Amino acid sequence: MFSPSLHTQRHQFVIDFVVNNKPQKVVDLGCCECKLLKKLKFHRQMKLLVGVDINGATVKKHMYGLAPLSTDYLQPSEDELRIELYQGSVTEKDARLRGFDLVTSIELIEHLSLASLSRFSEVVFGYMTPLAVIISTPNSEFNPLLPGLKGFRHSDHKFEWTRAEFKSWALKVCKDYGYTVEFTGVGPAPPGQQESVGFCSQIGVFRCLGGRDACGPLLDDEDDVCSYTLLYSVNYPSLRDNNTLRRVLVNEVMFWAENLKKRFVEKMAEKDDAEHPAAVGAEMEDESAGECGAEMDDFLERCRGMPEDQVFWADNSGQQESPNQIRSVSIPLAVLWVCSPKISTLSGCLNNLRHFLMEEPKVTLNQDGSAVLLLEKDTEEDTVDLEDSGFAEVSRTPNRAEPDQKEEWEANI
């Protein structure tokens, strides 16, 4: 009867609320197959997503769908995200679920007995005290419009309320625990019948009176209970984690350094070709300018009046006849800083960039730590003798990086 499906509309209602209100900590009670959580995880303003369900077997079957994707490692978010899944009853207290921004209960309360429902109200509104609660439940007034339905919509339902019954319960909850409520729903009735029967699923949006100051009281020792069983937890890669930040930053530095080196060597070849046309093979004319050629040209334009060999430093081991004999190229950190906005954003300042790279074994810096040193090692004969070339103090850690560092990183992860 509904397009999109009714459960999709219910989930979309929650997503729209999240987009408009930006909660950072959300718990879904009765998460079942974790479908709602799988949609909410893409809203990365959140720091904590939690799912609770009494059926641990169902949660275990679907929980790995919440694992980070390869793209989450390749492009980590600036914000942290942790996901936790628990097995437990919504009628039991657990201190780990207190003080959330949003609690959702989608088509859950109708599965509870009236005694359990009273306990549910006490736990959610009186103990968990979230800033907002979204509760959806079937509207029994809509049932005559559902073809072939006799009795309740599900065999496990303990009740199905009319709009008046749901409103009566919701207003009592507000009075007892200090909340306000707005009534709405999803799954509209056919034209001309909306007023008489309402939505197929009725929804109450509860908000705590007084905001955060009135919600989430401090824990007493006797209330510090953990009755739920943790089934799954995962931290998504974040740039707030130093290890992740270092990986991304080093990856970006090596990518730009390799391309800048390639561009520099090509420019040296063009210069040598102009001075000694016979010394350079024709294949050099077909070389591309490199992915970051425009950025390097822009930097060199800013350094107008300075020759390229003062911006970059090349070691030909005493043989200056041809750029093909260049053994090493030094890329100043200042050049990388100017060329890549991502490097400057990730590191914050040149001193931080130098600090990160000094602790990274994949990167070789020059003696004063002001530049990345890239060595050519196509053959053993081409290996640079650092002592002979004046770099005796430079770390000998291998630093060769393929142009596409991101693919290499993904494989390592």
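This is a predicted model: local features need pLDDT of at least 70, side-chain atom pairs count only at pLDDT 80 or more; totals for chains, interfaces and linings use all residues.
Helices here are DSSP runs of H or I with at least four residues, numbered from the N terminus.

Start with the end of H1.

Now the helix itself. H1 covers residues 6-21, which is 16 residues. At 1.5 Å a residue the helix should span 22 Å, and the C-alpha atoms at its ends are 23 Å apart, so the two figures agree.

Which residues of H1 are buried? They are Leu 6, Gln 9, Arg 10, His 11, Val 14, Ile 15, Phe 17 and Val 18. As background, an α-helix has 3.6 residues a turn, so residues three or four places apart point the same way.

What do those buried residues pack against? One partner is a helix, H2, at 35-40. The others are strands: E4 at 102-106, E5 at 132-138, E6 at 179-186 and E7 at 201-208.

Let me take E4 from that list. Five of its five residues are buried, so I call the strand mostly covered. In a regular strand the side chains alternate between the two faces of the sheet. In E4, Leu 102, Thr 104 and Ile 106 point one way, while Val 103 and Ser 105 point the other way.

E4 has pairing partners to describe. With strand E1, residues 25-29, the pairing is parallel over four bridges. In that pair, Val 27 stands opposite Val 103 of E4. E4 also runs parallel to E5, and five bridges join them. There, Leu 102 is opposite Ala 132 in E5. Between E4 and E5 the chain passes through helix H5, residues 114-128, and this β-α-β crossover is right-handed.

Cys 32 is not in a disulfide either; its nearest cysteine sulfur is that of Cys 31, 7.4 Å away.

Are these two cysteines buried or exposed? Cys 31 has 5% relative accessibility, and because buried means under 20%, Cys 31 counts as buried. Cys 32 has a relative accessible area of 37%, so Cys 32 is partly exposed.

Notes: Residues are numbered from 1 along each chain as its sequence is written. Side-chain values use heavy atoms; hydrogens and water are left out. Helices (H or I, at least four residues) and strands (E, at least two) are DSSP runs, numbered from the N terminus. The expected span of a helix is 1.5 Å times one less than its number of residues. Buried means under 20% relative accessible area, exposed over 50%, partly exposed in between (1.4 Å probe, protein chains only). Contact means heavy atoms within 4.5 Å. A disulfide is a pair of cysteine sulfur atoms within 2.5 Å. Two strands pair if DSSP finds at least two bridges between them. A crossover is right-handed if, with the strands pointing away from the viewer, the path from the first strand over the helix to the second runs clockwise.
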